[in-house]
Amino acid sequence: MASTSFASRHIGPREKDVTTMLQKIGASTLDELINQTIPSNIRLKKPLNLPDGLSEFEYLKELKSTASRNKIFKSYIGLGYYNCILPAVVQRNVLENPGWYTAYTPYQAEISQGRLEALLNFQTMVIDLTGLPIANASLLDEATAAAEAMLLFYNSRPKTKSSANTFFVSSACFPQTIDVVKTRALLLGIKIVVGDVNPKSLIPNSESIFGALIQYPDTNGNISDYKEFVNKMHAANAFVAVAADLMSLTLLVPPGEWGADVVLGNSQRFGVPMGYGGPHAAFFATKEDFKRSLPGRIIGVSVDSSGNPALRMALQTREQHIRREKATSNICTAQALLAIMASMYGVYHGPKGVKAIAEKIHHLACQVAEQLEKLGLKNDNKYFFDTISVSISDKTLIQKIKTVSEGKQINFRYDAQLVAIALDETTTGKDAKEIVEVFAEALGKNVSVPALNGETSKSVIKNSSFNRQSAFMTHPTFNTYHSETEMMRYIKRLENKDLSLTHSMISLGSCTMKLNSASELYPITWAEFANIHPFVPADQAEGYKIVISELEKFLCEITGFAAISFQPNSGASGEYAGLLVIQAYHRSKGDAHRNVVLIPSSAHGTNPASAAMAGMDIIIVKCDANGNVDVNDLKEKAEKHKVNLSCLMVTYPSTHGVFEEAITEITNIVHQNGGQVYMDGANMNAQVGITSPATIGADVCHLNLHKTFAIPHGGGGPGVGPIGVVAHLVPFLPQAPSLKGADHGSLPLGVGSVSAAPFGSALILLISYGYIKMLGKQGVTDATRYAILNANYMKDVLKKYYPILYVGKNGRVAHEMILDCVEIKRASGVEVGDIAKRLMDYGFHAPTVSFPVHDSLMVEPTESESLEELDKFCDALISIRKEIEEVISKKEDAADNVLKNAPHTAKALIADNWKHAYAREKAAYPLKWVRENKFWPSVGKIDNAHGDRNLICACSPIEEYEKEIA
């Protein structure tokens, strides 16, 4: 590698280090190691047909030219996506700050208190604005959040309605939401009825309807009084979900106050760019009754070992990684980074600032409506927030409006005989005047439009029954940091509580915490990409088209597949989409009865959770003593269920970190019995350029772009989980959302939309695109080779201290390994969780704890870590092993030792009263190099059980926490 190439910046070990590492593991060359690790029968026969890598400078120059192909019009399209203003203090200190975007999901809460607080702020803001008592820490997008609400209601049906299978959806919901809800319902046997909400005539059939979804304000901007409708639904023992505009709720009576069971929506307009559809943080609030069924993460308050308040993810026992097919949802990755940005928007502006923004939007909309009425164009909406809808029967006039507006680089929304205009935070008085002038010109009226400033208009909300009276965002956090200086310091104070890749390697197995290069991320803030509405005309998004089509071509080459769908906006969403594709294929062949999925016992929890969500029958396949799929058990079960076999879900290399020699035999068995093979792409970082999903016999695979292809984890999202398929499955890939709410469920072959936007989280596809463009064909292959080198080096360093649970036939691991801690626990009483907490004192995030095997640590170093960093991490684990020996030998007390009391905070160490037999020095600085760059956990070990028993998931005055603790 040239010293200035992007590959040399991305890959950690230097050339001189490779010799040292190969000597340690007993291989003469890197090629020899790869040959010993990956079965020869699945190796690619030729190098990848990808371009050579570009330098960072060359790539950004080329991409800037591509970006210029996008046209930045003023888009007043609405439908849940709006121009907004991202405060510079949030952009610079959160979105562009690796201290925030390189952190992982906060499973290790003691070193995640900063982002946990930011997510708690998000939950609090959502709770206050929606008027409901509990909210989660984000979902993937508004449409999938609506589908989650439907599923929540379906699974919560009272015994008296256990056979109810109809879900009512208002025809005034966003069309993309209707599409996604229909897709989710299809395989679960839920009937979707789309119709007008008319509380005077609609009397739900008490035998069939279990829930409903309505939009507030609706897709055309109208604000309706739904109280009577909600009361009738409740009288019929049915639940109601409301898809709401978060900004509008600063002015409107919140749905929680008129009986809604769930309120959901998109927080995008709280300072998150449209990005051609995402990523954005959906919100989801509900009643206390549903708290143990709520999908997604919930941040809650507990106490640490010193009795101080501390934050953590609450009620995790309901999540997919524990409950598997019985989980409330398959949600794994959410949208943490985007939720954090939205929460910071709320913190920076505060309740007065956010309400002032909403009032400006609303007042300008009122003025535009007034001026249009003077032109003879009456707003269809008596009550509205930001959207004016004008019914026009003259198609020629509609076309004139479109021609004039596009000539002025303005986009409206057109639907049959209607033109809709949705104003936003960026709309100025000048913009509003220009909107009116477009209609005047189209009408051929030579009128002088007065200056519009939004200050003199009469609000249609203020004196109505819709006007909000209740206070919101009253917590001091939302009423303190309104100068940039204070906001900057608040953000930094939170950041300093969290351990990220800016501090040290994060060796989480199956998570691939590799470098997220600045050059890859830099373009996502360019206006040419950030400010494009997902439903603009195609000719305004030519730059995106180039990026997406090239990225598809690259990923097809890497996977061996025929086509890619970028709709799924998480790995779990990709799993679900892949299963839908397989089921649609079977239906097309008259095999709708094929509904059995085989899943190895070692699989990620999302696999059975996704299969359950797709309405499939799950059969678990055993693993043998070496951690491989038990081929005999697989064969027996495939043959037993051959008539109904749909597919096998398999991870490769295995979740145990080994390239199974029998993988092609496994896939052949499934195919011979009429099934398809779904490959979980979680471990794709060990395949790129050396083997491929198609080569091993997979028919469909999801790719975690937030793992293998360098999109940052963002503290728990965003993620992107596109699916690739072989040729015979291409016709069944998810369809783009229809703005007409097409009935995909009635199509014999098709799969409907699985996310709200046509290309899912399109903005961050740029990151993976840059990763491949700059690494090139050799670089992406070398990334795989070095990931395998780093893992095998660590294995050989650590195997003397921690047994390596599974290896391949030549004693090699793939890109990760499992350290067995069972004997440690038996001999010392030290739990694997104690080791995880003690690693914090050394300045490291723990590997994956007790997955996929109990009492184990799964370690994945990635290719981006240097030999020096690998050695430090190994030294920390070896030092911890010696500390364990001190417990075993009774040199240290079994209950009072550095492991059981970890992590140690600065506050505890400098306290006057030190109750422990071991020295403070040993607790704080176990190795010399720790002192040089010490990371201090901000809280001690957290009491998880206390937090679940006393669930608090919103900001409250500290006095209330103390009262709860007492």
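## A tour by selection

Select strand β16, residues 596–600: β16 pairs with β17 in the parallel sense, over 5 bridges. This is a predicted model. Stay on the pair and pick Leu598; the residue opposite Leu598 is Ile619 in β17.

**The helices on the sheet**

**The whole sheet**

Now display the 7 strands together. The sheet is open, with mixed pairing, and runs in the order β15-β21-β20-β19-β18-β16-β17. At the edges are β15 (563–565) and β17 (617–621), each pairing on one side only. Look along the sheet: neighbouring strands are turned by 25° against each other on average, direction ignored.

**A loop proline**

Go to Pro722, in the loop between β20 (700–703) and β21 (723–725). Is Pro722 buried or exposed? Its relative accessibility is 0%, so Pro722 counts as buried. Show what surrounds this proline. Leaving aside residues up to four places away in sequence, Pro722 touches Ile564, Ser565, Phe566, Pro568, Cys701, His702, Leu703 and Leu705. For a distance check, pick Ala584: Pro722 and Ala584 are 138 residues apart in sequence and 18 Å apart in space, C-alpha to C-alpha.

**Helix α5**

Move to helix α5, residues 88–95. Which residues of α5 are buried? They are Val89, Val90, Val94 and Leu95. Then show what covers the buried residues of α5: the cover includes α6 (98–101), α12 (336–374) and α15 (484–495).

**A crossing of two helices**

Finish with helix α13, residues 395–407, and helix α14, residues 429–443. Their axes come within 9 Å and cross at roughly 130°. The two helices, α13 and α14, are therefore oblique to each other. The crossing of α13 and α14 is right-handed. From α13 come Leu397, Lys400, Ile401, Val404 and Ser405; from α14, Val438, Phe439, Glu441, Ala442 and Leu443 meet them.

Key. Residues numbered from 1 in each chain as written. Predicted model: local features only at pLDDT ≥ 70, side-chain atom pairs only at ≥ 80, totals over all residues. Heavy atoms only, no water. Pairing = 2+ DSSP bridges. Helix = DSSP H or I, 4+ residues; strand = E, 2+ residues; numbered from the N terminus. Axes fitted to C-alpha atoms, helices over the stretch in contact; angles between N-to-C directions. Buried < 20%, exposed > 50% of the residue type's maximum accessible area, 1.4 Å probe, protein only. Contact = heavy atoms within 4.5 Å. Parallel < 35°, antiparallel > 145°, perpendicular 65-115°, else oblique. Left-handed = near helix turned anticlockwise from the far one by under 90°.
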